[in-house]
Amino acid sequence: MTVTDTTRESTDPAGALLPLSFHQEFLCMFDNGREEGPFGPKYHIVGAWRIEGELDTATLQAALDDVVERHEALRTEIVRNGDSHAQRILPPTSPRLDVRDLTDTAPEDRDRRADELLNDVEDGRLSIRRLPLLRAVLGRFDDRDAVLALIAHHTAADAWAMHVIMRDLAACYAARRDGTSPDLPEASQYREYAQWEREASLSPGAERRRAYWRRKLSGAAILALPTDEPRSANLPKTTAWLRFALDADLAEAVPALARESRGSAFMTLLAAYKVFLHRQTGATDITIPTFSSGRGQERFQDTVGSFINFLPLRTDIAGCGTFREVIRRVRTTCAEAYTHEIPFSELMREAPGLMAAAATDDHQITAFQAVHAPFDTADREAGGIRYTKAWKRLLSQSDGSDVPDGILWSLHIDPSGEMVGSLGFNTNRYREETMRRQLDDFIGLLRELVAAPDAPLET
Ligand SMILES: OC[C@H](O)c1ccc2ccccc2c1
C-alpha cells in the first residue's frame with residue numbers, strides 16, 4: 001500500500017481525518033496496493049508556462065510557499081483508515097524549486113527545449129507521502145526568457161487546478177515583489193468541496209439523477225479492448241504517451257462540422273471514436289467514459305484539487321446511416337449526461353455491471369476526454385512577468401504520468417483553432433506499435449468521416 005497507515009500517525013494532532021472526495025474514492029478502485037496506481041509516485045500531472053521578464057528565483061520560491069499555504073489540497077496526506085482511506089491536512093511546507101541553466105539553447109530551439117524539459121519533469125516521481133504535493137522546475141534561457149514546469153500529485157490537482165496554481169503563483173509573485181498582498185479571490189478549500197458534494201448527494205435532485213442513470217445504464221458495460229498482454233503476466237508497468245497534432249485542415253474541419261450539428265468539437269471527436277470502436281469490435285451499443293471538469297459550482301472554480309469526474313457516455317449507433325446521424329446521437333448522449341451528472345462513485349451503484357470489463361485479465365477500458373483549461377492559453381501578465389501556457393506538447397514519452405488502468409485519449413482544443421492530443425497507455429498491457437497503429441487508424445478514419453459526414457456509413 002502506498003499510503004501512510006494511521007496506526008503510526010494516530011497520535012499526531014496535526015489534522016483531523018477527513019473523508020475523501022467522491023473522485024478520490026473512485027481512484028481507490030484502481031489502487032492495487034503496489035507503487036503504481038493513483039497513490040503511487042507516478043500518478044502526477046504536469047504543466048509548463050513560458051515566462052518572459054526579469055524573474056527573481058528567491059521571490060518565486062516565496063510565491064510558491066504562498067501558493068501551498070493558500071491551497072490545503074497541496075498539503076493534504078491521504079492515509080489508510082482501517083480498510084478505507086481518509087485525508088488529513090498538514091501545515092504548509094516549502095515546495096522544491098529546481099533551477100536549470102538552459103542558456104546554451106539558441107532562440108529557435110527554445111520551444112523544443114521547453115517541451116523536452118516538460119517531458120523530463122514528467123519522467124520523474126512525486127511521492128504522495130512527501131508534502132507538499134507540488135514541485136517546480138525553472139529552465140532559464142536568459143535573464144528574460146524561461147520555462148516554468150510545475151508538477152503536482154494528481155490526487156491533489158487536475159488540469160484546471162494547474163491553471164489556478166499558475167495564476168495564483170503569478171499574483172503571489174507580484175505581491176512579493178511589490179510588498180503588497182496578492183490580488184486573488186477568497187479560496188474555497190477542497191475539503192469544503194468534499195463536504196458539499198456529500199450533502200448534495202442527499203438532495204431530491206440527486207435522487208432524480210440517480211434514477212436517470214439506473215435507466216440509461218441498464219445492461220451497459222464500459223467498452224473494453226483486447227490487450228496485447230494479460231494483466232496476469234504481471235509485466236512491469238509504465239504509462240507511455242504518444243503525442244500528436246491534428247493538421248490544420250482537420251483541426252478546422254472538426255469544429256466546423258461540430259458547429260453545423262450545434263454540438264462541441266468534443267462530441268464530433270467522440271462520435272468518430274465510437275465509429276472507430278464499432279469498426280474494431282462490431283459493437284453498436286457503446287459506452288465510453290470521459291472526464292468532465294467537475295467544476296460546475298462557481299464557488300469552487302478557484303480551488304486547487306482534483307475535481308474531474310469519470311462520466312460514462314452511452315450511445316447506441318445501430319442504424320445510423322451517416323456520420324452526421326452518429327454525431328446527433330452522441331450529442332444527445334452528452335447533453336443528457338452533463339445535465340444529470342453525479343459523482344461516478346454514486347453513479348456506479350446504479351449500474352453494477354458497468355465496470356465489469358475493468359477487472360478482466362485480457363481486456364482494458366478506454367477513456368476519451370477533452371482537456372479542460374478554464375482560462376484561455378493567451379498570455380497573462382503579473383508582477384512584471386508575462387506567462388503563456390506551453391500547451392502544444394508534441395514529444396512522446398515512454399514513462400510519463402500514470403494512467404491507473406486503461407487507455408486515455410486526451411484532446412486539447414485550443415481557442416486558436418489548433419488541436420493537439422495524446423494517447424496514454426499502460427506498457428505492461430500494450431506494445432507501442434499497437435498504439436501507434438490505433439492512433440494512425442483513428443486519425444485516418446476521423447479525416448474520412450469529417451470530409452463526408454453524409455456518406456453512407458455501415459453500422
Ligand atoms: O486524468 C485522468 C486520470 O489520469 C485517470 C484516472 C483513472 C483512470 C481510469 C481508467 C482509465 C483512465 C483513467 C485516467
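I note that the model is predicted.

**Entry 1: Arg75**

I then checked Val68, whose backbone oxygen lies 2.9 Å from a polar atom of the Arg75 side chain. I located Arg75 in the loop between α3 (57–70) and β3 (76–81).

Is Arg75 buried or exposed, and which side chain of opposite charge is nearest? I recorded Arg75 as buried. The cut-off for a salt bridge is 4 Å between a side-chain nitrogen of Lys or Arg and a carboxyl oxygen of Asp or Glu.

I also listed what Arg75 touches, leaving out residues up to four places away in sequence. The list holds Val68, Glu69, Arg88, Ile89, Leu90, Pro91, Pro92 and Leu131.

**Entry 2: aromatic rings**

I looked up the aromatic pairs, and the count comes to 23. One of them is formed by Phe266 and Phe368, with 6.1 Å from centre to centre and 40° between the planes. I recorded this pair as tilted.

Why does this pair tie together parts that are 102 residues apart in sequence? Phe266 lies in helix α9 (residues 265–281) and Phe368 lies in strand β12 (residues 363–370), so the pair links these two parts. I found both Phe266 and Phe368 to be buried.

I next looked up the cluster to which these two rings belong. Its members are Phe266, Tyr273, Phe276, Phe368, Trp409 and Phe442.

**Entry 3: charges over rings**

I looked up two cases of a charged residue over the face of a ring. Arg198 lies over the face of Phe22, at 4.8 Å from the ring centre. Lys389 lies over the face of Trp49, at 5.3 Å from the ring centre.

**Entry 4: Arg279**

I placed Arg279 in helix α9, the helix that also holds Phe266. Arg279 is partly exposed, with a relative accessible area of 38%.

Which residues is Arg279 in contact with, leaving aside neighbours within four places in sequence? I recorded Leu445, Glu448, Leu457 and Glu458.

Finally, I looked up Arg279 and Thr59, which are 220 residues apart in sequence. Their C-alpha atoms are 55 Å apart in space.

Methods. Residues numbered from 1 in each chain as written. Predicted model: local features only at pLDDT ≥ 70, side-chain atom pairs only at ≥ 80, totals over all residues. Heavy atoms only, no water. Phe/Tyr/Trp six-rings, centres within 6.5 Å; stacked < 30°, edge-to-face > 60°. Helix = DSSP H or I, 4+ residues; strand = E, 2+ residues; numbered from the N terminus. Buried < 20%, exposed > 50% of the residue type's maximum accessible area, 1.4 Å probe, protein only. Lys NZ or Arg CZ within 6 Å of the ring centre and 35° of its normal. Lys, Arg positive; Asp, Glu negative; His and termini not counted. Polar contact = N/O pair within 3.5 Å; in protein donor to acceptor, adjacent residues only side chain to side chain. Contact = heavy atoms within 4.5 Å.
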